[in-house]
Amino acid sequence: MKKYKVGVLGGTGMVGQRFAALLENHPWFELSLMAASARSAGKSYGEAVSGRWKLSSPLAGATAALPVFDASVDREKIVGNVDFVFCAVDMKKDEIRALEEAYARAECPVVSNNSAHRATPDVPMIIPELNPEHVEVIPAQRKRLGTSRGFIAVKSNCSIQSYVPAIHPLMDYTPTEVLACTYQAISGAGKTFATWPEMVDNVIPFIAGEEQKSDLEPLKVWGRVENGAIADAAAPRITSQCIRVPVTDGHLACVFARFAKAPSLDEIKARWAAFQGRPQELNLPSAPRQFLRYFEEENRPQTRLDRDLENGMGVALGRLRPDSQYDIKFICLSHNTLRGAAGGAVLMAELLCAEGLIT
């Protein structure tokens, strides 16, 4: 098949580097260019990330040779050389919102890792296994933008990628209340221990804006498309605490849930084991074969052992048991820069291509 030509806006940051690694040998997508800020523009990608490469895997030679453009200034050149772009820029939210909309209006689909458009009613926020039907809102967005091809689709916050997939197969039991405490890796802040030494032997009980996202974004994921917009679900009520912990990658969550009609533990495990979504039906390249995996061992999942489950695209679950105040409690884990960021965006792009939204 002829590959889609792809660009990455914000390619020099940690998530941009993940995109570079994931797209290196992708069967559908050919990474054609990188874009970043003015200080990196005009360099090769290898020059732009020299001394700043944060991944353990080496930068591929072909990727290192790619040109770097100015994401804000060189939009016309970029759009003329790609079929769509991934966006992972580090800018103010209103600037990101304007940048992404400018690319969409220039007839370039935007698959975004950023939060700027997550609350925009006609922009789908997709976890591909959970709400692929939200692509149905894209024609309404195109009508608003005045485009025939361009649109914006966003992925959700990395912190909800562990516990929302676990609740999703149980929605017909009507979850009413969810409490989630997330223990989040430093790569979620774009950091390593070398660049953030104060995180060594430390826990920080605050991540700006994270708890609001964790409380509200699942309701859009579970919402429905009506009248050209996504109407948020009314339930369950969610409350969260988000804590930064000294691990490199992997967001772990401790979850408590109450249901209108509580399922048995065996029913929950069976639902998790059997759950598949649209990416598995379509056999998309980045789709995990088993999206949700339950560990019976009492000390699993563990961040270092289980974050790379299914090439970092699976969700690890464990310690399911009754609770004295809620109906159940359990532990879950996902890789925040793979499933939660670049990998989730690549999988979403695969879905959009397979469903004919990106041509």
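The side chains of Glu129 and Arg339 meet in a salt bridge, with 3.0 Å from N to O. This is a predicted model, in which local features need pLDDT of at least 70, side-chain atom pairs count only at pLDDT 80 or more, and totals for chains, interfaces and linings use all residues. Residues are numbered from 1 along each chain as its sequence is written, and side-chain values use heavy atoms, with hydrogens and water left out.

**Salt bridges**

A salt bridge here is a side-chain nitrogen of Lys or Arg within 4 Å of a carboxyl oxygen of Asp or Glu. The structure holds 15 of these salt bridges. Helices (H or I, at least four residues) and strands (E, at least two) are DSSP runs, numbered from the N terminus. Glu129 lies in the loop between β5 (110–112) and α6 (138–145), and Arg339 in helix α13 (residues 338–354), 210 residues apart. Buried means under 20% relative accessible area, exposed over 50% and partly exposed in between (1.4 Å probe, protein chains only). Glu129 counts as buried because its relative accessibility is 3%, and Arg339 is buried at 1%.

| Pair | Closest N and O atoms |
|---|---|
| Asp172 and Arg271 | 2.8 Å |

Asp172 is exposed at 55% relative accessibility, whereas Arg271 is partly exposed at 27%. Asp306 and Arg300 are both buried. Salt bridges also link Glu101, Arg105, Asp122 and Arg144 in a network.

**Aromatic pairs**

Rings of Phe, Tyr and Trp (its six-membered ring) pair if their centres lie within 6.5 Å; planes under 30 degrees apart count as stacked, over 60 as edge-to-face and the rest as tilted. The structure holds 12 aromatic pairs. Tyr4 and Phe29 have ring centres 5.9 Å apart and planes at 75°, so they are edge-to-face. Tyr4 is in strand β1 (residues 4–9) and Phe29 in strand β2 (residues 29–36), 25 residues apart. Phe29 and Phe84 are also edge-to-face, because their planes stand at 80°, with centres 5.2 Å apart. Phe84 belongs to strand β4 (residues 84–87), so its pair with Phe29 ties together parts 55 residues apart in sequence. Phe29 is buried at 1% relative accessible area, and Phe84 is buried at 0%. Ring pairs join Tyr4, Phe19, Trp28, Phe29, Phe84 and Phe86 into a cluster.
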